[in-house]
Amino acid sequence: MRILLVEDNERLLQFLAAGLRSGGLTADGFATLAEAEAALATVAYDAVVLDLGLPDGDGLDLLRRLRTRGSSVPVLVLTARDGIDDRVRGLDAGADDYLLKPFAIKELLARIRALLRRPGHCLGVVLSCGDVTLDTTTRQVAVADQVVPLSPRETEMLEHLLRRCGRVVPKRALEEGLYGFQDEVSSNIVEAVVSRLRKRLSQVGARAVIHTLRGVGYMLAEPEA
Ligand code: CA
């Protein structure tokens, strides 16, 4: 799950990004509307966390443009403004939720999870392929009901593969899903994570195998009987 963060307070942005990552989400952070628009044009985000007072304009303008374009991406507005008018303006502009500053990162994570659980989003479900399961709320991975501890990155990779169980996931999609803009993406990293994950699954005797389709991508599938 990849989240776009738009916040011009550098320290707050870093704090939010770290908080979202600790919650198992991928976060791309930007300080201006222009950068956020550019990111939205290239990445299909699962949700947006939007500050209103930004150096190059009002976050609500971005929100209105998104809705005008027909985007239904869930948007949570962050604001220090506590006047009722501002809340109404935010919701009128198409915000799904809002949070007043200051707030606890735990509450932000809970609100984002709630947005991602809405119809059309599939957080809050248990994904499975063969006897491999991932509870997308607790981030717990199990093989034949036995919990298998994985790193956050391995879990994220498994989630992408589970969501397309039996179908090929292009390597490019895995790179985009696993890493934010700030990260150096090297294709070796994807290969390394896949390799570790494959090893873990085989160690616990999972009835699902990660296949490599050279030059194309990867596929998690049950072995044919
Ligand atoms: Ca601001």
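The legends below describe close-up views of a predicted model. Local features need pLDDT of at least 70 and side-chain atom pairs count only at pLDDT 80 or more, while totals for chains, interfaces and linings use all residues. Residues are numbered from 1 along each chain as its sequence is written, and side-chain values use heavy atoms, with hydrogens and water left out.

**View 1. The calcium ion is coordinated by Asp8 (OD), Asp51 (OD) and Gly53 (O).** The distances are 2.2 to 2.4 Å. Donors are N, O and S atoms within 2.8 Å of the metal (3.2 Å for Na, K and Ca); water is not among the atoms, so sites may look incomplete. Along the sequence, the donor residues follow the spacing D-x42-D-x1-G. Asp51 is buried, at 5% relative accessible area, and Gly53 is partly exposed, at 41%. Buried means under 20% relative accessible area, exposed over 50%, and partly exposed in between (1.4 Å probe, protein chains only).

**View 2. Glu159 and Arg139 meet in a salt bridge through their side chains.** The N to O distance is 2.8 Å. A salt bridge is a side-chain nitrogen of Lys or Arg within 4 Å of a carboxyl oxygen of Asp or Glu; the structure holds 15 of them. Glu159 is in helix 6 (residues 152-163) and Arg139 in the loop between strand 9 (132-135) and strand 10 (140-143), 20 residues apart. Helices (H or I, at least four residues) and strands (E, at least two) are DSSP runs, numbered from the N terminus. Both Glu159 and Arg139 are buried.

**View 3. Arg196 forms a salt bridge with Glu154.** Their closest N and O atoms are 2.7 Å apart. Because Arg196 lies in helix 8 (residues 187-203) and Glu154 in helix 6, the pair ties together parts that are 42 residues apart in sequence. Arg196 is partly exposed, at 40% relative accessible area, whereas Glu154 is buried, at 8%.

**View 4. An open sheet of 3 strands has the order 12-14-13, with antiparallel pairing.** Strand 12 (169-170) and strand 13 are the edge strands, each pairing on one side only. Two strands pair if DSSP finds at least two bridges between them; strands 12 and 14 are joined by 2 bridges. Pro170 stands opposite Gly217 in strand 14.

**View 5. Val168, Leu213 and Val216 form a nonpolar patch on the surface.** Val216 is in the loop between strand 13 (209-213) and strand 14 (217-221), and is partly exposed at 46% relative accessibility.

Note on methods:
Patch = residues over 30% accessible without salt bridge, like charges linked within 9 Å, V, L, I, M, F, W, Y side chains within 5 Å. Areas by Shrake-Rupley, 256 points an atom, 1.4 Å probe, with all protein chains shown as cover.
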